[in-house]
Amino acid sequence: MPIPTTDPRTDDLGDLPLDAVTDAALSRARELGAVHADVRVERTASRALRLSDGRVQTAHTGEDVGLAVRVVVAAGAHHSTWGFAAGTDVSADAAARLASAAVDVAAVTAPVNTEPVELADEPVHQGTWISSYAVDPLDVPERDQVGLLAELSGRLLRADGVRHADASMLAVKEVKFYADLAGTRTAQRRVRMQAELQAMWIDDESGRFESMRTLAPPAGRGWEWMTGGDGCWDWDREIAELPGLLLEKATAPSVAAGTYDLVIDPSNLWLTIHESIGHATELDRALGYEANYAGTTFATFDRLGNLQYGSPVMHVTGDRTAEHGLATVGWDDDGVAAQTWDLVRDGVLVGYQLDRRMARLQGLGRSNGCAFADAPHHMPLQRMANVSLQPAAGGPSTDELIAGVDDGIYVVGDNSWSIDMQRYNFQFTGQRFYRIRDGHLAGQLRDVAYQANTVDFWNAMDAVGGPQTYVLGGAFNCGKGQPAQVAPVSHGCPTARFRGIRVLNTTAEGHR
Amino acid sequence: MTPQEVAERALALSRTDGCIVLVDDSTSANLRWAGNTLTTNGVTEGRTLTVLAFDGARLGAVSRTRVTADAIEATVRAAEDAAAESEPEDDAAPLITPAESVSASWEEPAERTSIGVFERFAPALRDAFGAAGAAGHSLYGYAEHELTTTYLASSTGLRLRHPQPHGRLELTARTPNGDRSSWTGQGTRDFRDVDIAAHARVLAQRLDWSRRRLELPAGRYETLLPPSAVGDLMVYAYWSMTALDAVEGRTAFRKPGGGTRIGERLAELPLRLYSDPEMSGLQAAPFIAAGASSRRVSAFDNGLPLRSTDWIRDGELTALVQTRHSAGITGQPVTAQVGNLGLEAAGSQASLDEMVATTQRGLLLTCLWYVRMVDPQTLLVTGLTRDGVFLVEGGEVAGAVTNFRFNESPLDVLARATEAGRAEPTLPREFGDYFTRTRMAPLRVPDFNMSSVSPAS
């Protein structure tokens, strides 16, 4: 795939005085006593489209440009403390003013700080990096994008049983420049696309309705994700299949609540990985930084190396390097180069996701590069890497996994999700649920949710599929932090099989 | 340039039939802490320019945050290009004129906040850290204050301004091993009404209640939902009360056979769910300022005055969120969304403590978490209890029990509630990021569905 090779510094940020801003911010911070200072200049362009029954409901194009200065200051008798200031004026004067403001913030808040802020060492980096995409979606005329979504919606609306068709698209081009007092200077451009179509069936007399949407995941790709080719999504196939699948679901029997073996497709399992492994292996949660908001984790630091997180077939990696991954970068927002590492190996917890401060605090050596801020006006936090369940070399196909189930359910596509604040108790639904009897699919079910405790669930995984079943899923909207930030993240996984999982009937759950 | 100058410049550059310009000037300050120490902080300032270009029934919407003189014209032209490329909008309508709108203080400058808003709060927080440490527990939390002044100018002559303060405090207390925790929160306009010592006393009382641990299995329990928990459930219901979705049969507010459930009795109690831009202490924008259209709001309605609206009155559904477009379809009045929400019951004066005192056996919750839709047909949502679930026996708190996962519909909660207490301003724990201005009554639900036990603490 051809990758645009222009320099983000000149092609995307060429109208901004990067050198002057960097010099002004860092020199002012140094003058005011900062022991660390970094400056970020960001330009994020986005386009959001929503269509209902082929008609545009929402069309918005935005550009967020800003400048942030972050410092670590040792103020008087107090511990070294963070200070952060951000604005939308990208000029040398503004940079110097923000550096002063960041130092002021550190001074005001230092008396409330009882732990020194120290950062793990990182080599100095200088360079540019561009994510793997072919066509900038912000360069494609909005008319063409609306036209494609309307055409796909029209195909759904012409199918039997489809009353409504909704379509949406979000395209993002994110450009970041980073510089710090140590001498790192990096610039990177990331492009990502998300699109989905949903078909709805309605029974007028009873008022009952069912919906089903496409399984296409968001991806670190450009507009080519919508137009096909070279590993991109086959929209034609999925749009052709969706109405029939929806009709089958609408007339499917309601599930009998109970305990079932589950074979879970990557289109559903990525979200379970995200919630029960991705968030649970964030070190800031283990250290309590998110106790008031996103929560903590059962995978506490004392269990590193000894927690039997799952069965021996469980191998989970963290990375910021996977091609087309939504969390893939050249460098993180601490100036740390992208890496790959193990989180769970042979079922045992062996790693966390880190930023430079936590890596130093816990004596873990170098950060593995998980600092990220979703906008120039937000301070970087430890955010999720691409967290992926690895397939078994030479492992089974999805059909072979299903063949090993006498009485179970095959789960396809994500839908509702919820998990507790220590990442124990979760509940998920999906797009499609197929009854498995004697190793074969036996039609769809509806009203299904599965519910489990994280450690029980992953220890109940008795087989993972081979590389031929592996799919990179993910989300644009992982939430964390106060002020709240959203981060894009991918999760790859094969199809996997779980024994004896609790299944609820969602209609029965709501009845009294 | 002042925000007014930016807006006037953009309008002067406009070449389309109609144009609406929104300028949002924002400043914010925040503090975050964990384990009795500060973790992050910051101050921000920013300006967002949004240009809505109307070319007949066509609309183009473009926003930018770096608002230089060159960027103003670029934004106007980009919006005009987007309008020229678009198809006519279903919700197209004449733009609002000054005669239809409210008067506002257009000439006033943007209001600003700074780190100084925490001048009295920060020392009090430091004292609270000391007290918590001495008592053997730690504090975690977040304080933020934002001031956004919105300027709306239109080619029809509208010149509207609205300053919106937004503040909140969240405070969690945890014991060193995490086996006991509690939470309080508060929305605020300026932090002058924040008494962190009072919050700390509430936390200490609840941590003390948690010293006695009791075991309870999953099941249906009489449950006292405090205002924060009610707020999260009602906010979710409010977000689902979109008239266009209901009339198309897509939500729990549809009527089998067609139409909406407006006019249907949803609750036995005389409950009132309402919004009011003038709600005391929880004031919200008095006019629509929308940067884009959706099924819930129309960009063509920008500048439309917002009024007090009862969504549910005396237990009966009386309105859904309408645009002028959807009102034309449903035949209902235009009842646009407002940025606050209240739930109250006529004549209810019991405090939550008084409701506890009249409970023979039931659960008292602290707040809800991770609330997500399970079934839109019934508005069934799932979620967790968080930071303190207490068993009440004989009118007193007997001890703390485990957390639970629940599966419930906010509509069923309203239908089954047997008592509503005195409404008070509250911060919804789950949706406080998006919706801080709520005033909610505590509710007693005789059979709340605790679907499974959560070992989280």
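## The second largest pocket

A pocket is an open set of grid points where a 1.4 Å probe fits, with protein on both sides within 12 Å along at least five of seven lines. In this predicted model, the second largest pocket holds about 900 Å³ of space. Its lining consists of 37 residues, and those nearest the centre are Gly185(B), His199(B), Glu424(B), Pro425(B) and Thr426(B).

Several elements of chain B give two or more residues each to this lining: the strands β5 (159–174), β6 (181–188) and β17 (424–426), and the helices α4 (196–209), α5 (227–240) and α8 (352–357). Sorted by class, the lining of the second largest pocket has 17 polar, eleven nonpolar and nine charged residues.

## The interface of chains A and B

The size of an interface is often given as the accessible area lost when the parts come together. Chain B and chain A bury about 7100 Å² between them, and 47% of this area is on carbon and sulfur atoms. On the side of chain B, the residues that lose the most area to chain A are Arg32(B), Arg66(B) and Arg250(B), which together account for 10% of what that side buries. In terms of contacts, 86 residues of chain B meet 88 residues of chain A.

Polar contacts across the interface of chain B and chain A join 56 residue pairs, counting pairs with both residues at pLDDT 80 or more. Strand β2 (residues 37–55) of chain B provides the largest share of the side of chain B that touches chain A, with eleven residues. That side of chain B divides into 30 nonpolar, 30 polar and 26 charged residues.

## Salt bridges

Side chains of opposite charge can pair when their charged atoms come close. Over all chains, the structure holds 71 salt bridges. Between chain B and chain A the count is six. A salt bridge joins Glu63(A) and Arg64(B), with the closest N and O atoms 3.4 Å apart.

Within chain A, Arg70(A) forms a salt bridge with Asp334(A), and here the closest N and O atoms are 2.8 Å apart. This pair links distant parts of the chain, 264 residues apart: Arg70(A) is in strand β2 (residues 55–74) of chain A, while Asp334(A) is in the loop between β9 (316–319) and β10 (340–345) of chain A.

## Enclosed cavities

Rolling a probe the size of a water molecule over the atoms shows where empty space is left. The structure holds five cavities of 30 Å³ or more. The largest cavity contains about 220 Å³ of space. It is lined by 18 residues, and the closest to its centre are Tyr289(A), Asp355(A), Pro380(A), Leu381(A) and Thr40(B).

Both chains supply elements to the lining of the largest cavity: α9 (356–361) and β13 (381–382) of chain A and β2 of chain B each give at least two residues. By class, the lining of the largest cavity has eight nonpolar, three polar and seven charged residues.

## Backbone exceptions in chain A

Most residues other than glycine have a negative phi, and most peptide bonds are trans. Arg423(A) is not a glycine, yet has a positive phi of about 70°. Arg423(A) is in the loop between β15 (407–419) and β16 (425–437) of chain A.

The peptide bond from Gln482(A) to Pro483(A) is cis, with omega near 0°. Pro483(A) is located in the loop between β20 (471–480) and β21 (485–493) of chain A.

Definitions and conventions. Residues numbered from 1 in each chain as written. Chains lettered and ligands numbered in written order. Heavy atoms only, no water. 1 Å grid on protein atoms, 1.4 Å probe; cavity = no way out; pocket = protein on both sides within 12 Å on 5 of 7 lines; lining within 4 Å. Points joined across faces, edges and corners; volume = space filled by probe spheres on them. Helix = DSSP H or I, 4+ residues; strand = E, 2+ residues; numbered from the N terminus. Nonpolar A, V, L, I, M, F, W, Y, C, P; charged D, E, K, R; others polar. Contact = heavy atoms within 4.5 Å. Buried area = accessible area lost by both parts, 1.4 Å probe. Salt bridge = Lys/Arg side-chain N within 4 Å of Asp/Glu carboxyl O. Polar contact = N/O pair within 3.5 Å; in protein donor to acceptor, adjacent residues only side chain to side chain.
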